Amino acid sequence: MSAPDLRRAAAARALELVEPEMRLGIGTGSTAAAFIALLGDRVRAGLDVIGVPTSEATRIACEREGIRLATLDELPELDLTIDGADEVDANLRLIKGGGAALLREKIVAMASRRMVVIADAAKRVETLGAFPLPIEVNGFGLGATWRAVEAALAESGCAGKPLTRRLDAAGEPLLTDGGHALLDAHLGSIPDPEGLSARLWAVPGVVEHGLFLGIADTAFLAEASGSEARVTVLSRP
């Protein structure tokens, strides 16, 4: 069974939670794209919902599917956010931001009564950190922020350095939808996610980081079972 099939299976399970007239936060990334495609089918069949996209890419995909959209200013309280993750542990702590939308994703998730994660089961880990941790930073004083982030990582017991995410081989820095730069911290493991989160927030140039702690309520993780997909449900303790 292919990775797209697994993403679609997880997305289909989450779609079962969507009810008429819901205000939805709609995530970014390949698994969220599978959800958007399935949601578009339901909308064209008559489901009335309204969504808040977490990125410009998601906005374009939703408009293509005919999904009605609003801004978070227009809908400051949402019923449900459905989004992917780069890593998820047994306590539903996440690393997100591989798609460079972590700031908007976290704002939307925090505005929701419930956040549900959809992913293939390979994203489940015992310890966070094998996936590089994205850290969104202000472009002003980037060198000073880089050094402060490096110190925060070391103080948190993390072995690794942040690298600026590049747009292409020419070396241009990738900018988020908010116009910020991204540092990717290649750590291997994060022994204390809560401690690292607090230290990163204490760095003035850090806008947001990809540790989503205490935010997700449920995760639907799909894995191959013979020729079919089996979806495991994780719930926060």
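Which residue follows α2 with a positive phi? Helix α2 is followed by Gly 46, whose phi is positive and near 120°. The model is predicted, so that local features need pLDDT of at least 70 and side-chain atom pairs count only at pLDDT 80 or more, whereas totals for chains, interfaces and linings use all residues. Residues are numbered from 1 along each chain as its sequence is written, and side-chain values use heavy atoms, with hydrogens and water left out. Helices (H or I, at least four residues) and strands (E, at least two) are DSSP runs, numbered from the N terminus.

**Helix α2 and its surroundings**

- Helix α2 takes in residues 30-44, which is 15 residues, and reaches 21 Å from its first C-alpha to its last, close to the 21 Å expected at 1.5 Å a residue; the expected span of a helix is 1.5 Å times one less than its number of residues.
- The buried residues of α2 are Thr 31, Ala 32, Ala 34, Phe 35, Ile 36, Leu 38, Leu 39, Gly 40 and Val 43, where buried means under 20% relative accessible area, exposed over 50% and partly exposed in between, with a 1.4 Å probe and protein chains only.
- An α-helix has 3.6 residues a turn, so residues three or four places apart point the same way.
- The cover over the buried residues of α2 includes helices α1 (3-15) and α3 (56-65), together with strands β1 (23-26), β3 (80-83) and β6 (115-120); contact, here and below, means heavy atoms within 4.5 Å.

- Helices α1 and α2 pack at an angle of about 50°, with their axes 8 Å apart, the axes being lines fitted to C-alpha atoms, for helices over the stretch in contact, and the angles running from 0 to 180 degrees between N-to-C directions.
- The two helices α1 and α2 are therefore oblique to each other, given that angles under 35 degrees count as roughly parallel, over 145 as roughly antiparallel, 65 to 115 as roughly perpendicular and the rest as oblique.
- Helix α1 passes α2 in a right-handed crossing; a crossing is left-handed if the near helix is turned anticlockwise from the far one by less than a right angle, and right-handed if clockwise.
- On the α1 side the contact is made by Arg 7, Arg 8, Ala 11, Ala 12 and Leu 15, and on the α2 side by Ser 30, Thr 31, Ala 34, Phe 35, Leu 38, Leu 39 and Arg 42.
- By class, the contact of α1 with α2 has 7 nonpolar, 2 polar and 3 charged residues, where Ala, Val, Leu, Ile, Met, Phe, Trp, Tyr, Cys and Pro count as nonpolar, Asp, Glu, Lys and Arg as charged, and the others, Gly among them, as polar.
- Helices α2 and α3 pack at about 30°, with their axes 9 Å apart, and are therefore roughly parallel to each other.
- Helix α2 passes α3 in a right-handed crossing, and the contact joins Ile 36, Ala 37, Gly 40 and Arg 44 of α2 to Thr 58, Ala 61, Cys 62 and Glu 65 of α3, a set that divides into 4 nonpolar, 2 polar and 2 charged residues.

**Helices α5 and α6**

- The axes of helix α5 (residues 142-155) and α6 come within 9 Å and cross at roughly 155°, which makes α5 roughly antiparallel to α6.
- Helix α5 passes α6 in a right-handed crossing, with Val 149, Ala 152, Leu 153 and Glu 155 of α5 meeting Leu 196, Arg 199 and Leu 200 of α6; these residues divide into 5 nonpolar, no polar and 2 charged.
- Ser 197 lies in helix α6 (residues 193-201) and, at 4% relative accessibility, counts as buried.
- Not counting residues up to four places away in sequence, Ser 197 touches His 209, Leu 211 and Leu 213.

- Ala 219 is found in strand β12 (residues 218-225) and counts as buried at 0% relative accessibility.
- Leaving aside neighbours within four places in sequence, Ala 219 is in contact with Leu 92, Val 117, Thr 232, Val 233 and Leu 234.
- The C-alpha atoms of Ala 219 and Asp 83 are separated by 9.6 Å, although the two residues are 136 residues apart along the chain.
- Leu 92 is in the loop between β4 (87-88) and β5 (94-95), has a positive phi near 60° although it is a residue other than glycine, and counts as buried at 0% relative accessibility.
- Glu 21, in the loop between α1 and β1, has a positive phi of about 70° although it is not a glycine, and counts as exposed at 66% relative accessibility.
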